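Walk me through this protein model, please.

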Amino acid sequence: MAACKRIPKTIFSNIFSRSSTGYQSSSSFGPPSSLISRRGIASRLYVAGLSFYTTEKALLDAFSQYGQVVEANVLMDKVSSRSKGFGFVTYASAEEAEKAISEMDGKTLHGRIITVELAKPRTKHTGGMPIARGPPEPPTEKQ
């Protein structure tokens with residue numbers, strides 16, 4: 001344990017770092033999709049109804065025939081290490097994304113009918129009910 005205390009936190013965190021899906025993504029290449037989508041260059045698609053056996057590479061291969069795919073992510077369950085049944089595909093342009101939506105929505109991928117639509121922007125949510133931190137404050141009179 002004493003040896004772990006001597007390792008700088010940056011090195012220790014880099015060794016055990018994980019992506020948002022819980023695993024390092026091997027299909028990520030080029031600039032990060034968060035930078036591209038913030039600049040309005042790329043279009044991100046939400047793909048629902050995926051098989052539990054669909055991988056990021058299979059998703060990339062299925063959608064790359066409709067345009068340049070910047071990134072393909074399949075979200076994984078951290079406990080079972082199995083797909084959650086949905087993912088995201090990021091295209092380099094909005095035209096390619098629209099073409100993929102029209103062609104792939106309602107089609108079969110690995111034995112399952114998938115739904116493809118534009119991804120909604122992330123919203124900040126608090127994660128549930130607020131935690132009570134003591135008695136409520138008495139109401140103040142507005143003058």
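How many aromatic pairs does a search of the whole structure find? The search finds three aromatic pairs. Rings of Phe, Tyr and Trp (its six-membered ring) pair if their centres lie within 6.5 Å; planes under 30 degrees apart count as stacked, over 60 as edge-to-face and the rest as tilted. Two of the pairs are described further on, after the fold.

First, the ground rules. This is a predicted model, in which local features need pLDDT of at least 70 and side-chain atom pairs count only at pLDDT 80 or more, while totals for chains, interfaces and linings use all residues. Residues are numbered from 1 along each chain as its sequence is written, and side-chain values use heavy atoms, with hydrogens and water left out.

Confidence comes next. pLDDT is the predictor's confidence in each residue, from 0 to 100. The protein averages a pLDDT of 77, and 66% of the residues score at least 70. Confidence is lowest in helix 2 (residues 9-15), with a mean of 44. It is highest in strand 5 (residues 112-113), at 96. The pLDDT is below 50 over residues 7-30, a stretch with 20 contacts in the model beyond near neighbours in sequence. Residues 33-39 are also below 50, and that stretch has six such contacts. Contact means heavy atoms within 4.5 Å.

Now the fold. The protein has five helices and six strands. Helices (H or I, at least four residues) and strands (E, at least two) are DSSP runs, numbered from the N terminus. Along the sequence the pattern reads α-α-α-β-α-β-β-α-β-β-β. Among contacts between residues at least 6 apart in sequence, 64% join residues at least 24 apart. Of the 143 residues, 30% count as buried. Buried means under 20% relative accessible area, exposed over 50%, partly exposed in between (1.4 Å probe, protein chains only).

Four strands form an open sheet in the order 2-3-1-6, with antiparallel pairing. Strand 2 and strand 6 are the edge strands, each pairing on one side only. The twist averages 20° from one strand to the next. Helix 4 packs on this sheet and touches strand 1, strand 2, strand 3 and strand 6. The direction of helix 4 makes about 140° with that of strand 2. Axes are lines fitted to C-alpha atoms, for helices over the stretch in contact, and angles run from 0 to 180 degrees between N-to-C directions.

Look at the pairings of strand 1 (residues 43-48). Strand 1 and strand 3 pair in the antiparallel sense over six bridges. Ser43 has Tyr91 as its bridge partner in strand 3. Four bridges join strand 1 to strand 6 (residues 115-118), again antiparallel. Val47 has Val116 as its bridge partner in strand 6. Two strands pair if DSSP finds at least two bridges between them.

Helix 4 (residues 56-63) is mostly covered, with six of its eight residues buried. These are Glu56, Ala58, Leu59, Leu60, Ala62 and Phe63. Their cover includes strand 1, strand 2 (69-76), strand 3, helix 5 (94-104), strand 4 (108-109) and strand 6.

Val89 lies in strand 3 (residues 83-91). Val89 is buried, with a relative accessible area of 1%. Leaving aside neighbours within four places in sequence, its contacts include Leu59 and Phe63, along with Leu45, Val47 and Val69. The C-alpha atoms of Val89 and Val47 are separated by 7.4 Å, although the two residues are 42 apart along the chain.

Back to the aromatic pairs. The rings of Tyr46 and Phe86 have centres 5.8 Å apart and planes at 45°, so the pair is tilted. Tyr46 lies in strand 1 and Phe86 in strand 3, so the pair ties together parts 40 residues apart in sequence. Tyr46 counts as partly exposed at 25% relative accessibility. Phe86 is partly exposed as well, at 22%. Tyr46 and Phe88 have ring centres 5.7 Å apart and planes at 55°, so this pair is tilted. It links Tyr46 in strand 1 to Phe88 in strand 3, 42 residues apart. Phe88 counts as buried, at 17% relative accessibility. Tyr46, Phe86 and Phe88 form one aromatic cluster.

Ser51 is found between strand 1 and helix 4. Ser51 counts as buried, at 7% relative accessibility. Not counting residues up to four places away in sequence, Ser51 touches Ser83, His110 and Arg112.
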